[in-house]
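Dear colleague,

Please find the structure below, handed over for your own work. My notes on it come after.

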Amino acid sequence: MGILTPDPTGDLAWRVAWQSTTFRWKFILGLIGVITLLLTFPLFFQTIEKHTGPVLSDWVLAQLPPRDVSIAIFLLIWATAAILVVRARRSPAIFMLFIYGYLIVSLSRMLSINLVPLNPPVGLIPLIDPISNAFYGKSYITKDLFYSGHTSTIFLMFLCLRRPGDRLFAFVGSLIVGGLLLVQHVHYTIDVIGAFVFTYPLYWLGKKLALSGWNQVDTRPD
């Protein structure tokens, strides 16, 4: 699928993509979708905070004394996001993959959080992430549990990236972030596992929506 031509600057990739009416429409709709989603987040998260559900018995959490590792989680996720932004500047395919993948994963999470209401784990320490928390509303959210948004987001970045070094960093980072969320008792083990299980097939669905119908210029090694 697409045109494969080398382009060290990446400008050609965006120029060729923008010549496609399909790409332009998908680009605009994707941005509108993400902006709309982010605007609905505060109301959604404040609403689900009023829900109630069981407190799960989690053997893994029982073995982990809760500790505040917010800084490590924050740095890993947003360092990976910075890499993704740099690569997307030279690759419209990476940009579109993440936009549509993020839309589908986020909508899936909103559905699953409503379908599987849970009370937070015992010993939860609030996660301090000034960027993500800005979309939660006025109060701290504890019930956006199944499945983990932080884990799914960094794992989605891994799936979208192309360079082996980038992918290795993002993949190891996603495993570490998942583990640290358990250390902080922000999520149950099933929330973290679910993030990997659900994000992978949803990424492929997003990929079909994002990349079909327009020419992608290969700008490897991005």
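This is a predicted model: local features need pLDDT of at least 70, side-chain atom pairs count only at pLDDT 80 or more; totals for chains, interfaces and linings use all residues.

Residues are numbered from 1 along each chain as its sequence is written, and side-chain values use heavy atoms, with hydrogens and water left out.

Helix H6 and its surroundings

Helices are DSSP runs (H or I, at least four residues), numbered from the N terminus. H6 covers residues 149-160, and its 12 residues reach 16 Å from the first C-alpha to the last, close to the 16 Å expected at 1.5 Å a residue. The expected span is 1.5 Å times one less than the number of residues. Because 12 of the 12 residues of H6 are buried, this helix is largely enclosed by the rest of the structure. Here buried means under 20% relative accessible area, with exposed over 50% and partly exposed in between (1.4 Å probe, protein chains only). The cover over the buried residues of H6 includes helices H4 (70-88), H5 (92-115), H7 (164-183) and H8 (189-211).

H7 has 20 residues, which should span 28 Å at 1.5 Å a residue; its end C-alpha atoms are 28 Å apart, in agreement. Its buried residues include Asp 166, Gly 173, Val 177 and Leu 181, and the buried residues of H7 pack against helix H3 (59-62), H4, H6 and H8. After H7 comes His 185, with a positive phi near 60°.

Two residues

His 150 lies in helix H6 and counts as buried because its relative accessibility is 10%. Leaving aside residues up to four places away in sequence, His 150 touches Ile 73, Ile 77, Leu 127, Asp 129, Ser 132, Tyr 136, Val 177 and Leu 181. Contact means heavy atoms within 4.5 Å.

Asp 191 is placed in helix H8 and is buried, with a relative accessible area of 0%. With residues up to four places away in sequence again not counted, Asp 191 touches Leu 118, Leu 145, Phe 146, Tyr 147 and Ser 148. Asp 191 and Leu 181 are 10 residues apart in sequence, and their C-alpha atoms are 9.8 Å apart in space.

Two helix pairs

Axes are lines fitted to C-alpha atoms, for helices over the stretch in contact, and angles run from 0 to 180 degrees between N-to-C directions. Angles under 35 degrees count as roughly parallel, over 145 as roughly antiparallel, 65 to 115 as roughly perpendicular and the rest as oblique.

H5 and H8 pack at an angle of about 130°, their axes being 8 Å apart; they are therefore oblique to each other. Residues making this contact include Met 96, Tyr 100 and Ile 104 of H5 and Leu 202, Tyr 203 and Lys 207 of H8. By class, the contact of H5 with H8 has 12 nonpolar, 3 polar and 1 charged residues. Ala, Val, Leu, Ile, Met, Phe, Trp, Tyr, Cys and Pro count as nonpolar, Asp, Glu, Lys and Arg as charged, and the others, Gly among them, as polar.

Helix H1 (residues 11-18) and helix H2 (residues 21-48) pack at about 100°, with their axes 6 Å apart, which makes H1 roughly perpendicular to H2. Trp 14, Ala 17 and Trp 18 of H1 meet Phe 23, Arg 24 and Phe 27 of H2. The classes in the contact of H1 with H2 are 5 nonpolar, no polar and 1 charged residues.

With kind regards

Notes:
Helices (H or I, at least four residues) and strands (E, at least two) are DSSP runs, numbered from the N terminus.
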